[in-house]
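This report is meant for a reader meeting the structure for the first time.

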Amino acid sequence: MNTLALPANLGPDWDELLESWRDAASVRRLWAKDPSVWTGADEGQWLAWLDIVTPQLGQAGALHAFAKEVREAGLDSVLLLGMGGSSLCPETLSLVFGLDSLHVLDSTDPAQLLALEENLDLTKTLFIVASKSGSTLEPEIMRSYFFDRAGKAIGAAPGDRFVAITDPGSHLEEVARRDGYRKIFYGVPAIGGRYSALSNFGMVPGAAAGLEIERVLTAADEMARACRRDDPANNPGVLLGLALGTLARQGRDKLTFIASDGLLPLGAWLEQLIAESTGKIGKAIIPVDLETPGPPESYGDDRVFAVLQLGEDLPHAAEVAALEAAGHPVAKIKLADAFQIGAEFFRWEIATAVAGAVLGIHPFNQPDVQASKDVAKKLTNAYEETGRLASEYPFYSDADVELYADDFNAALLTARAGGADSLESLLAAHLDSLQPGRYFGLLAYVEMSPAHVETLQRARHAVRDGRRAATCLGFGPRFLHSTGQAYKGGPNSGVFLQVTCDDARDAPVPGKSYTFGVVKAAQARGDFAVLVERRRRALRVHLKGNVAKGLERLGQALAAAAPKA
């Protein structure tokens, strides 16, 4: 089984915390779905994921039979349309196992949608529409778009090229029956989206792409058995969760992943699980993914590191040793092979639930996700009526960019910049809010292309090194279904830079007057409006014209602004 090594010093309350969990029989109560382990609310109604592995193993043969049927029908590519918990596990499996036939779309960015479409033969593609509620905006409009495009490509009704994964009785189930989908796979209503990796939401796409899901599930089953152990000190999931919770209570609430190359994709799934579960009522463990390790002096004392090692590929060994020597807490997990990722799905679900108990929060709800959705819906409804989005007015503009903020923050940044009217000076004024314990969130509503990722990664690292602050990079709208909950519901310790752009190309939404570009713009505005309403430190930069050129300009400006004056 995968190994776990915890930091040597977990603080003065560590032994007392372990003993309290023993005395209260908390592990048994957790498995008995006792809500008093957490806040005494409805937590017990959301714990069916504890028992999902055995029935899912029993279905593995049927899922492989379905995959064979699909291949024999000539459908040799799989396109998963979904968001958050419906897309991040399939994406992780695709990248970790090199499942080249499995593609994932979790964006309304038209450039990203069109680039993916252009690389697929729609006549040979199986479309999996995944949505627990069946009414989430993004998978609904992606479904509508590709149902129309596939029908035109094959010259006939394309229902037998479509599959739904959804909870019983959902709107998506109705659509699937109406449109003659090949198959409907059901979710378990008592499993929340981010805890659904080992259910049909993760395993159906994996099986359809040829993954040996039995090996993933067998590893998960072994971990689930270990996580039933009563003694928390001998329970690999509970022990990790108690450690993360107690470190977060000590102010080390920026959980930073350092992973072997083969496990790098796991970070995006962990981001959602941890941020959406713990980020509420002013508390959070903020996950930090894909930061390249730096020297100890790059970090504040708000960090805890989790090293995810695959086989003998110890990632960044010298940097990790230096972090430990400098006194930073480092947890180490080693996987024997990639199929052990199933064990990690289960371990981290347990650990996140336990960390939530330590923090005194409900880890299975997401009370702040809906707010930005509501604003975006109002904006798209208004567009349907008027044919336009409301006008906006920047407080700074040059040939390449525009800057937007609420009146208070616009005046504050201008004053901090000392009247200097430049992008660099205003960004530096914004970054001056990065006091110790705060983090920088770069929220990019642009195509998640390799070139854009590379440019934004350089920019975030410049901020980390210049300000000694944790940095997060998210692409909209996908992060709205992930880390967005913590950004809005967690502690007011984020300093956010939202990035929007002009779309050179757009894609229609069948039956609607708005387009994918309009939806993305409405989502960005809704996101920003809620950040402002929650009094977050938020600045928006809009890129004019060529996106790659605009991102380079922004990256250069952030690099210039990052060193602390």
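Strand S4 (residues 125-130) runs parallel to strand S5, with which it pairs over four bridges. The model is a predicted one, and the positions described below should be read with that in mind. Within the pairing of these strands, isoleucine 128 stands opposite valine 163 in S5. On to the next strand, S5 and S6 pair in the parallel sense, again over four bridges, and here valine 163 stands opposite lysine 183 in S6.

These pairings belong to an open sheet of five strands, whose order is S3-S2-S4-S5-S6 and whose pairing is parallel. At the edges lie strand S3 (102-105) and strand S6 (183-186), each of which pairs on one side only. From one strand to the next, the twist averages 20°. Helix H5 (residues 110-118) lies across strand S2 (77-81) and S3, and it runs at about 160° to S3.

How many of the residues of strand S5 (residues 162-166) are buried? Five of its five residues are buried, and the strand is thus described as mostly covered. Both faces of S5 are covered, with Phe162, Ala164 and Thr166 buried on one side and Val163 and Ile165 buried on the other.

A second open sheet also has five strands, in the order S1-S10-S9-S7-S8, and its pairing is mixed. Its edge strands are strand S1 (3-5) and strand S8 (286-288), each pairing on one side only. On average, and with direction ignored, neighbouring strands of this sheet are turned by 20° against each other. S1 and strand S10 (residues 330-335) pair in the antiparallel sense over three bridges, and leucine 4 has isoleucine 333 as its bridge partner in S10. Helix H12 (residues 317-325) lies across strand S7 (254-259), strand S9 (303-310) and S10, running at about 145° to S10.

Threonine 256 has its place in strand S7. Is threonine 256 buried or exposed? Its relative accessibility is 1%, and because buried means under 20%, threonine 256 counts as buried. Leaving aside residues up to four places away in sequence, threonine 256 touches Val288, Glu291, Arg303, Val304, Phe305 and Ala306.

Most residues other than glycine have a negative phi, and most peptide bonds are trans. Leucine 290, in the loop between S8 and S9, has a positive phi of about 65° although it is not a glycine. Histidine 316, in the loop between S9 and H12, is a residue other than glycine whose phi is positive as well, near 50°. At 38% relative accessibility leucine 290 counts as partly exposed, and at 34% histidine 316 counts as partly exposed. A further position concerns the peptide bond between glycine 476 and proline 477, which is cis, with omega about 5°. Proline 477 lies in the loop between strand S14 (470-475) and helix H18 (484-489).

| Helix pair | Angle between axes | Crossing |
|---|---|---|
| H16 (residues 423-431) and H20 (residues 547-561) | roughly 60° | right-handed |
| H14 (residues 369-386) and H19 (residues 516-533) | about 135° | right-handed |

The axes of H16 and H20 come within 8 Å and cross at roughly 60°, which makes H16 oblique to H20. On the H16 side the contact is made by Leu423, Glu424, Leu427, Ala428 and Leu431, and on the H20 side by Arg553, Leu554, Ala557, Leu558, Ala560 and Ala561. These contact residues divide into nine nonpolar, no polar and two charged.

In the other pair, H14 and H19 pack with their axes 8 Å apart at an angle of about 135°, and they are therefore oblique to each other. H14 contributes Ala371, Ser372, Val375, Ala376, Leu379, Thr380 and Tyr383, while H19 contributes Val518, Val519, Ala522, Gln523, Arg525, Gly526, Asp527, Ala529 and Val530. By class, this contact of H14 with H19 has 10 nonpolar, four polar and two charged residues.

Note on methods
Residues are numbered from 1 along each chain as its sequence is written. This is a predicted model: local features need pLDDT of at least 70, side-chain atom pairs count only at pLDDT 80 or more; totals for chains, interfaces and linings use all residues. Side-chain values use heavy atoms; hydrogens and water are left out. Axes are lines fitted to C-alpha atoms, for helices over the stretch in contact, and angles run from 0 to 180 degrees between N-to-C directions. Helices (H or I, at least four residues) and strands (E, at least two) are DSSP runs, numbered from the N terminus. Angles under 35 degrees count as roughly parallel, over 145 as roughly antiparallel, 65 to 115 as roughly perpendicular and the rest as oblique. A crossing is left-handed if the near helix is turned anticlockwise from the far one by less than a right angle, and right-handed if clockwise. Contact means heavy atoms within 4.5 Å. Ala, Val, Leu, Ile, Met, Phe, Trp, Tyr, Cys and Pro count as nonpolar, Asp, Glu, Lys and Arg as charged, and the others, Gly among them, as polar. Two strands pair if DSSP finds at least two bridges between them. Buried means under 20% relative accessible area, exposed over 50%, partly exposed in between (1.4 Å probe, protein chains only).
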